[in-house]
Structures are given as structure tokens and as C-alpha cells.
Amino acid sequence: MELPWEEERMRPNTTLVSAYSATDTRRILTISYDAQLKYFRINGTDFPVLFRYAEVILNRAEALAELGRNAEALTALNLIRNRAGIGDADASLATNPTALKTEIFTQRRLELALEGHYFCDLVS
């Protein structure tokens with residue numbers, strides 16, 4: 001049986017491509033390969049559920065921001081940004097909860113691009 005998404009390959013749109021900075025190491029890994037090649041399948045029908053440590057850190061940053069613990073949220077967010085090679089976020093985000101949450105969601109989109117999380121992030 002052919003699964004519905006076997007026919008169509010996910011492709012990054014221009015908005016996603018332009019969201020990565022030139023120094024972001026995730027850019028080349030995400031947009032230069034087919035989404036189906038980002039992670040291998042065990043066989044033709046197995047689609048393992050992947051829960052990456054980066055997602056755990058981003059979930060923590062989001063939860064801390066929701067609790068108003070913005071300095072801690074910014075520290076967690078910077079773990080992701082530094083691993084990606086784009087450096088710390090502006091320290092002023094710790095005093096601007098709305099901008100901090102926006103940056104967390106932006107980094108979540110870039111970090112987890114084409115992994116099937118974005119739709120759920122939009123509707124939850």
C-alpha cells in the first residue's frame with residue numbers, strides 16, 4: 001500500500017529558506033536535502049517517531065517564558081542558537097515576553113523544519 005505522502009515530497013518554501021541566517025548551520029542540513037532524506041527510514045513503511053533533545057530544550061524555553069521566567073527561557077533558547085552557530089539572542093528579550101516567545105517559535109520552526117511539527121505548532 002502506498003502512503004499518501006509517498007507521492008509528494010515536502011519542500012522548503014522561500015519563507016523558510018530566507019528565515020535562516022547565512023551563518024546558521026541548520027540551513028544547509030535542512031534545505032539542501034529532500035525532507036525524506038533528513039532522517040532515514042528503517043524500511044519502506046517504518047516511520048520512527050523522533051523526539052530530539054533540541055525539541056526538549058525548546059519546549060523548556062517556551063514553558064519558562066509562559067511562566068514569566070524569561071531569563072531562564074533565554075538561556076535555554078541560546079543553547080539552540082549557539083549550537084546552530086548564530087550566537088546568543090539579544091539580551092533585551094529577557095525583558096520583552098512577547099518578543100522572547102516570538103524568537104522561541106522562530107527557532108523552533110528553523111530547528112524542526114520539515115520534521116512534521118509545524119502544523120501542530122500552528123494549531124495548538
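Predicted model: local features only at pLDDT ≥ 70, side-chain atom pairs only at ≥ 80, totals over all residues.
The chain has eight helices and zero strands, and, read from the N terminus, its elements run α-α-α-α-α-α-α-α. Of its 124 residues, 31% count as buried.

I would like to turn now to helix packing, and to start with H5, which covers residues 53-66, and H6, which covers residues 70-83. The axes of these two helices come within 8 Å and cross at roughly 160°. With angles over 145 degrees counting as roughly antiparallel, H5 and H6 are therefore roughly antiparallel to each other, and their crossing is left-handed. For a residue in this part of the model, take Leu64, which is found in helix H5 and is buried, with a relative accessible area of 4%. The C-alpha atom of Leu64 is separated by 9.0 Å from that of Ala76, although the two residues are 12 apart along the chain.

On the other pairing of H6, the partner is helix H7, residues 97-111, and here the axes lie 11 Å apart and the packing angle is about 30°. Since angles under 35 degrees count as roughly parallel, that makes H6 roughly parallel to H7. H6 passes H7 in a left-handed crossing.

Next come the charged side chains. Side chains of opposite charge can pair when their charged atoms come close. How many salt bridges does a search of the whole structure find? The search finds five, and I will go through some of them, with attention to where each partner sits.

One of them joins the side chains of Glu66 and Lys101, at 3.5 Å from N to O. Because Glu66 lies in helix H5 and Lys101 in helix H7, the pair ties together parts that are 35 residues apart in sequence. As for accessibility, Glu66 is exposed, with a relative accessible area of 52%, while Lys101, at 24%, counts as partly exposed.

Another salt bridge joins the side chains of Glu111 and Arg83, with an N to O distance of 2.5 Å. This pair also links distant parts of the chain, with Glu111 in helix H7 and Arg83 in helix H6, 28 residues apart.

Which residues make the nonpolar surface patch of about 360 Å²? The patch is made by Phe51, Tyr53 and Val56. Phe51 has its place in the loop between helix H4, residues 35-38, and helix H5. With a relative accessible area of 56%, Phe51 is exposed, because the cut-off for that class is over 50%.

Note on methods:
Residues numbered from 1 in each chain as written. Heavy atoms only, no water. Patch = residues over 30% accessible without salt bridge, like charges linked within 9 Å, V, L, I, M, F, W, Y side chains within 5 Å. Areas by Shrake-Rupley, 256 points an atom, 1.4 Å probe, with all protein chains shown as cover. Salt bridge = Lys/Arg side-chain N within 4 Å of Asp/Glu carboxyl O. Helix = DSSP H or I, 4+ residues; strand = E, 2+ residues; numbered from the N terminus. Buried < 20%, exposed > 50% of the residue type's maximum accessible area, 1.4 Å probe, protein only. Axes fitted to C-alpha atoms, helices over the stretch in contact; angles between N-to-C directions. Parallel < 35°, antiparallel > 145°, perpendicular 65-115°, else oblique. Left-handed = near helix turned anticlockwise from the far one by under 90°.
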